[in-house]
Amino acid sequence: MGILSTYGLRLARKRWRIRAFRKRRELAPMVSRVGDIRPGAILLFSTLRNEKIRLPYFLQYYRALGINHFLIVDNGSDDGSREYLAEQPDVSLWTTGASYKRARFGVDWLNWLQMRHGHGHWTLVVDPDEFFVYPFCDTRPLRALTDWLVASSIKSFPAMLLDMYPRGPISAQPYREGQDPFEIASWFDSGNYAITRNSRYGNLWIQGGPRARVFFPDLPERAPALNKIPLVKWHRDYAYVSSTHMLLPRGLNLVYDEWGGEKASGVLLHAKFIDTFAAKAEEEMTRGQHYAASHEYRAYRDGLQASPDLWCKWSEKYINWRQLEILGLMSKGNWA
Amino acid sequence: MSVGFVMLCHTAFDRAAQVARHWSRQGCPVVIHVDRRVKAATYRKFTRDLAGEADIRFAPRFACEWGTWGLVAATQAAAELMLRDFPQVSHVCLASGSCLPLRPVSELAAYLAARPGTDFIESVTTEDVGWTVGGLNIERFTLRFPFSWRKNRRLFDDYVRLQRRVGFRRRIPAGLAPHLGSQWWCLTRESLTAILQHPRRAEFDRYFQRVWIPDESYFQTLVRLVSTRIESRSLTLHKFDFQGKPHIFYDDHLQLLRKSDCFVARKVWPQADRLYRAFLSPHAGAQQAAEPNPGKIDRLFARAVERRTKGRAGLYMQSRFPNPAWENAMSAAPYSVFQGFSDLFENFETWLGKAAGVRVHGHLFAPARVEFAGGDTSYNGALSDSAALRDYNPRSFLTNLLWNTRGERQCFQYGPADSQKILPFLMRDPQAQISVITGAWAVPLFRASLDFPEIRKEAARLQKIEAAQVDLLRLPAVKARLRIWSLAEFVEDPMTPLQDILDEINPRAGRRLTEAPRMADLAGFGQFLQNLRNQGMQPVLMGDFPAGDDPRPTTTRRGRPYLVK
């Protein structure tokens with residue numbers, strides 16, 4: 001890494017931060033309870049649109065893990081998400097009608113909120129359909145993990161996105177509000193992930209899983225990225241570059257060991273593929289607000305019409321984090 | 001007689017207070033030292049919390065930065081207070097605020113009483129320690145360390161290097177043999193008094209003030225001067241990880257800790273409610289005279305360190321992506337690659353599966369699709385048979401396959417018609433067993449009913465690719481176990497090489513081959529090659545085939561085929 005490219009990245013980081021600063025005006029505070037945030041609180045940041053049906057379980061799940069405060073951007077929901085969130089005692093809510101796409105899929109908004117409220121806190125950035133699983137999450141709260149990370153001088157923690165899907169057609173089993181989505185979408189691909197290193201940002205680029213297998217068998221380079229670094233001890237100088245796939249400064253992306261060992265890592269269980277998906281895909285197609293000209297959603301729509309079943313006979317049924325550890329999708333590292 | 005505890009606290013005061021109270025209510029005096037860097041308000045609240053307890057004292061405070069003299073000074077002051085105020089104390093244990101007693105104090109007292117006059121302190125000469133981080137053993141005692149290792153690592157390292165280069169050495173006080181060991185000891189009143197009232201104490205203190213991490217060497221060294229009987233081990237269960245920081249105990253370690261029969265454990269996560277509840281309840285502990293037996297916990301933590309430093313062989317994932325040559329095995333298990341065999345033998349795949357008891361795939365890197373065993377469209381781990389997905393990252397494809405099927409040997413066919421991007425990986429991988437019959441690709445062409453110009457074109461293409469392959473495989477960088485025969489060599493005596501290959505796959509089977517795979521009928525093959533030559537192409541990789549009818553010799557055997565390693 002030469003001085004020039006290092007400096008280039010520094011400029012890029014500043015540019016993202018300035019962009020986030022400028023985009024702050026798009027956010028209108030609706031309910032602010034940020035005064036309740038105590039030093040050392042663990043914060044969750046999310047941006048969403050029309051996810052009312054998912055929210056009760058989402059909040060319940062993360063409260064149980066030990067999230068102290070939720071900072072959420074509502075991008076023009078009209079299904080009652082906003083009203084529901086506004087009532088929650090541990091949620092601060094911003095609303096915006098601005099373009100999701102032009103806010104770089106919400107990254108600018110959340111970068112700004114993190115800059116403003118996340119400094120010095122452990123921050124978890126997830127979508128409402130992403131559920132964080134880490135080693136020992138069934139017996140140790142999130143605070144145990146962050147305490148251990150601090151003691152080990154680790155500032156960022158990776159959790160690869162693991163697409164979960166039901167057996168049979170996606171829309172066969174209706175999802176009830178408040179239900180654990182993994183009662184329905186309880187299957188995943190255990191070992192078909194392609195990994196390369198991104199030399200510019202130093203992160204790993206992971207693609208694969210059922211989406212690559214079913215929707216992109218002929219265009220693998222278009223398959224969505226699954227590498228994520230959602231948990232970071234935030235500093236106001238940091239910035240997410242593209243979704244939570246990578247950050248700057250690039251040292252935060254070095255969440256993998258290069259000398260043969262394993263660092264600790266988790267998984268984000270992705271509950272995208274339940275019966276709400278078809279409607280969502282249709283809506284996103286018409287809005288055209290998603291990544292790469294909604295190419296992904298177009299592929300989904302075509303794929304969904306042709307073969308709506310992501311399940312195959314090698315699919316693995318989810319049991320717990322230990323199973324993911326044994327399969328090599330995540331690692332305890334030296335946490336015991 | 002009783003046991004006294006000296007507690008060094010700097011954080012999690014609720015838990016420290018809980019433990020201190022637990023000890024003092026069981027008749028053990030406790031002297032607490034609180035780091036001077038702790039805020040006054042926090043300290044006041046802590047002392048108020050413990051105000052009612054008769055047998056708890058607070059020692060004069062020192063600033064305790066990690067690895068500095070302050071920790072020793074604090075221990076000395078607290079120990080002196082203990083010896084002065086509690087004459088009934090016969091042993092003093094050093095503990096921290098994040099220690100948790102696992103067994104009742106009565107059992108500890110009985111254990112100590114059964115071993116009178118014994119000091120339990122880990123004390124190892126500097127030559128024999130293996131755990132020190134940063135490679136500083138004896139140099140802890142002979143160099144100077146004015147810079148903080150935590151805050152000024154760069155300066156610290158540079159200064160150490162400078163002193164080494166200049167050859168600087170501090171003089172160790174006469175009569176002292178440097179020893180290192182765990183900070184957490186349990187000393188008899190006699191030994192501790194002798195250390196604290198040693199006639200040369202001022203000299204020793206002056207010396208140790210400039211030693212690096214004196215809390216792991218001061219008492220450990222001096223006890224050798226005064227003690228009559230040393231058990232060089234700590235009664236406190238504590239484990240360090242590879243960075244030299246202590247492993248932490250959580251609620252889910254409860255059963256392990258119970259079964260360890262250790263007296264005190266360090267370090268416990270302050271919010272491990274279940275542990276504190278279980279071990280601080282009045283009727284905790286049911287063991288009798290059990291010896292501490294931390295074996296299981298040792299293994300647990302040793303495994304964790306190994307996972308962090310070595311990882312699982314052949315695994316590539318989000319938090320393990322080794323640089324080339326650092327993989328600790330490039331793939332998860334040994335596997336075999338066969339080039340030309342399924343061209344030469346009609347039923348090679350089924351034969352091999354039966355003869356060796358392994359999984360035999362077709363051409364995994366075939367251009368049209370992945371030919372998994374049994375013609376499956378997907379495979380273990382939900383690998384897809386899409387050629388595009390595979391060719392997008394062939395290396396991930398192969399390492400995934402081998403990781404997903406660990407425990408079952410994988411074999412697959414390969415050839416010049418296949419995607420060639422994986423070859424550099426195969427040749428570098430010591431787990432790969434590659435067997436090549438060069439020129440065997442000509443056999444299917446020979447038997448195909450295509451136009452001869454097309455055959456000629458295809459033959460030229462495949463020969464060009466295979467020639468490049470063979471050049472690659474002869475490079476010195478090749479780590480795979482490699483065998484190459486020309487087609488002519490191989491058909492002369494196929495059984496010996498086949499036996500060798502099977503023996504390598506199944507070294508312990510020791511079976512002689514009874515059934516050979518069915519070889520394609522090569523009558524007229526020599527003429528076919530001659531026809532290629534006549535059309536202006538030069539087939540060279542097959543070796544020498546006479547233009548006659550049957551290439552197989554009927555009379556002579558020339559012994560073992562040529563082995564290329």
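This note comments on selected features of a predicted model.

1. Interface of chains A and B. The contact draws 49 residues from chain B and 51 residues from chain A. On the chain B side, the elements giving two or more residues are α12 (295-309), β15 (378-379), β16 (383-384), α15 (387-392) and α16 (394-404). Of these, α12(B) gives the most, with seven residues. The side of chain B that touches chain A comprises 21 nonpolar, 18 polar and 10 charged residues.

2. Helix packing in chain B. The axes of α7 (residues 189-196) and α9 (residues 218-226) of chain B come within 9 Å and cross at roughly 105 degrees. Because angles of 65 to 115 degrees count as roughly perpendicular, α7(B) and α9(B) are described as roughly perpendicular to each other. B:Ser191, B:Ala194 and B:Ile195 of α7(B) make the contact with B:Phe219, B:Leu222, B:Val223 and B:Val226 of α9(B). Six of these residues are nonpolar, one is polar and none is charged.

3. Cis peptide bonds. In chain A, a cis peptide bond joins A:Leu248 and A:Pro249, with omega about 0 degrees. A:Pro249 lies in the loop between β14 (246-248) and β15 (266-270) of chain A. In chain B, a cis peptide bond joins B:Arg266 and B:Lys267, with omega about 10 degrees. B:Lys267 belongs to the loop between β12 (264-265) and α11 (273-280) of chain B.

4. Positive phi in chain A. A:Phe136, a residue other than glycine, has a positive phi near 65 degrees. A:Phe136 sits in the loop between β6 (130-133) and α5 (142-151) of chain A, and counts as partly exposed, with 19 C-beta neighbours inside 10 Å. A:Ser153, also not a glycine, has a positive phi of about 55 degrees. This serine, A:Ser153, lies in the loop between α5 and β7 (156-157) of chain A and is exposed, with 9 other C-beta atoms within 10 Å.

Terms used. Residues numbered from 1 in each chain as written. Chains lettered and ligands numbered in written order. Predicted model: local features only at pLDDT ≥ 70, side-chain atom pairs only at ≥ 80, totals over all residues. Axes fitted to C-alpha atoms, helices over the stretch in contact; angles between N-to-C directions. Helix = DSSP H or I, 4+ residues; strand = E, 2+ residues; numbered from the N terminus. Parallel < 35°, antiparallel > 145°, perpendicular 65-115°, else oblique. Contact = placed C-beta atoms within 7 Å. Nonpolar A, V, L, I, M, F, W, Y, C, P; charged D, E, K, R; others polar. Buried ≥ 20, exposed ≤ 12 C-beta atoms within 10 Å, placed from the backbone.
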